[in-house]
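Welcome to a short tour of a single chain.

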Amino acid sequence: MAEMSARREAPSLPPSRAAPYHPHSSTCLSIDATPAPQIRRGSLCLTSTGARSRGLMGSGLLRLGVLLALSSVLAATALASERSRTSMMWAETFFRPQEGELSWVGIANEDTSYVGTRYSILRRASDGNMLPMVRVDDGEIRAWHLCHSRQSLFYEVLSKDKTITTIFEHPVSSSINSRQEATVKEFQDLHPASSLACIDGFLLRAAPSSFLAIDLDSRGISYPFQEKNLAEAPSLTSLTVAYEEDIVGNAKIFAICPENKTIVRLALQRDASSHGLTLTNLPVAVPAKAASPEQVIWSHDQLFFTDGCALRSYDFGHNIVTVLGSDECTTPNAENVSGIPWAARLSRPKALAAAAQGARDLAVWLVTEAQVLKVHSRPDACARHSSNEGDCRDQVGCAWAEGDGSLGQTRCFACEEMMRWTKNSGMEDHCSFMTTMPQGTWCDLRQCGCPLETSFAAAWSSGIVVKVGGVSAILLVIFGLAAWLVHRSKKREAYLTLNAEQTSRTESTYDYERMQHNGD
């Protein structure tokens with residue numbers, strides 16, 4: 001297992017940028033503002049915020065202060081919603097399953113990972129061999145979690161008659177010889193879990209109808225929302241914990257609230273009376289706009305979450321970054337992983353995973369319907385020039401990519417990194433990098449030793465607009481069309497003038513002949 005990092009407190013979210021959960025309104029609340037481009041607005045819950053506003057606005061000065069504060073929050077949220085594209089993340093195929101449909105993946109370290117299907121869990125060695133660990137014959141696996149702090153794998157099985165759910169703990173470290181697989185808890189007539197997570201000796205379980213914590217020593221159960229005397233627990237999915245090895249009061253828990261499509265943060269603490277867990281604060285909505293978030297994972301002080309068929313990240317500042325893919329999904333057979341974030345076309349995401357907090361490099365693993373992808377950060381000196389094409393072209397060893405003009409669809413990247421990516425992707429010629437681009441994206445790889453003609457050929461074969469000497473080919477087409485229209489207009493004008501002259505001559509000749517006839 002990877003070495004655990006020193007304990008430290010996760011970055012806190014400014015109170016002014018959050019909205020709390022309220023039992024008498026929608027399940028999860030968020031302050032809504034102008035949405036990011038192409039991101040659908042989430043639910044706006046007014047019952048609780050409206051009641052709070054009426055209680056606060058007792059005087060004119062206080063009213064003005066609240067309005068100014070709210071305006072600043074909305075402006076900041078709108079600014080944060082302007083998504084850019086990362087310039088340091090690269091996506092590569094981690095592996096493709098030979099048989100069976102993968103549902104989960106867990107990462108112990110660079111050499112060891114675990115994959116799960118509905119009926120089995122396997123250990124994947126560094127050489128790619130799959131070693132069976134768990135086989136379920138009397139039900140199906142509905143949720144699982146690799147707990148780095150306990151070096152254990154938790155999984156929940158739903159019985160064939162769908163009446164009993166059982167949680168098991170399976171040790172994954174060879175150094176733990178005295179521990180065997182054990183039953184953690186069994187439930188009758190309870191909705192199957194949507195997500196599991198571990199934290200400081202507890203196992204958190206989220207399901208559509210409940211949210212509970214299991215003490216892994218006493219096997220006692222606590223219901224944090226009921227301890228807070230709330231009417232009902234929110235429907236939460238896809239739990240993730242930052243610093244799971246730390247004490248529960250310091251750890252940060254995040255989950256997706258599907259009812260209004262928000263990511264919320266939970267703060268828990270030990271309850272001295274019940275020896276379970278209770279809420280210290282009401283759930284807080286993270287200001288990360290998403291149209292349809294489904295999975296979330298914490299890694300290196302960032303939240304990564306799937307949104308449609310895109311992988312995005314949020315760094316608790318003002319940056320929501322599209323790391324890979326787009327809102328639209330493709331079929332598993334048509335999935336295309338490109339070296340350019342917005343150029344990738346992914347099938348439906350199914351799971352996210354990250355290594356232990358002490359892992360050296362930032363990396364997350366994404367399970368799609370077609371494969372398991374490793375998305376990781378690489379140092380890149382060219383990245384800081386991604387907003388300026390001219391600066392990028394002036395740098396030795398930097399390549400440029402540009403999309404269809406949408407926000408953030410520019411990237412400056414090191415030729416060395418591009419060559420490494422093409423090699424790992426099985427391409428013999430790094431200049432073939434351009435062939436992975438979809439329609440609407442163009443690359444200049446001349447600094448990488450590729451002739452401009454390579455980009456031309458690949459671009460035209462894909463129907464991509466190509467730049468020539470800094471002037472877009474689309475402008476040449478427009479100028480050509482304008483010239484043709486001007487030429488046609490002048491030609492028509494000349495034709496009309498000539499026709500008018502001929503008509504005038506004909507009328508004059510007719511008048512002359514008529515006068516001659518009358519004279520006779």
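## Overview

What percentage of the 520 residues in the chain do buried residues make up? The share is 48%, where buried means under 20% relative accessible area, exposed over 50% and partly exposed in between, with a 1.4 Å probe and protein chains only. The model is predicted, so local features need pLDDT of at least 70 and side-chain atom pairs count only at pLDDT 80 or more, while totals for chains, interfaces and linings use all residues. Residues are numbered from 1 along each chain as its sequence is written, and side-chain values use heavy atoms, with hydrogens and water left out.

The chain has 7 helices and 32 strands; these are DSSP runs numbered from the N terminus, helices being H or I with at least four residues and strands E with at least two. Take contacts (heavy atoms within 4.5 Å) between residues at least 6 apart in sequence: 51% of them join residues at least 24 apart.

## Confidence

Mean pLDDT, the predictor's confidence in each residue from 0 to 100, is 74 for the chain, and 66% of residues reach 70 or more. Strand β8 (residues 152-159) has the highest mean, 96, and helix α1 (residues 47-56) the lowest, 31.

Over residues 29-87 pLDDT stays under 50, and the model has 102 contacts beyond four places in sequence for them. Residues 456-473 also stay under 50, with 31 such contacts.

## Disulfides

Counting pairs of cysteine sulfur atoms within 2.5 Å gives 6 disulfides. One of them links C147 and C198, with the sulfur atoms 2.0 Å apart. This pair ties together parts 51 residues apart in sequence, because C147 lies in strand β7 (residues 139-147) and C198 in strand β11 (residues 195-199). The torsion about their S-S bond is about 100°, so the disulfide is right-handed. C147 is buried at 0% relative accessibility, and C198 is buried at 1%.

C392 and C412 are joined at an S to S distance of 2.2 Å. Here C392 sits in helix α4 (residues 389-394) and C412 in strand β29 (residues 410-414), so the link ties parts 20 residues apart in sequence.

C415 and C448 form a disulfide with S to S 2.0 Å. Its S-S torsion is about -80°, so this disulfide is left-handed. C443 is in no disulfide: the nearest cysteine sulfur, that of C448, is 9.2 Å away. C443 is buried, at 0% relative accessibility.
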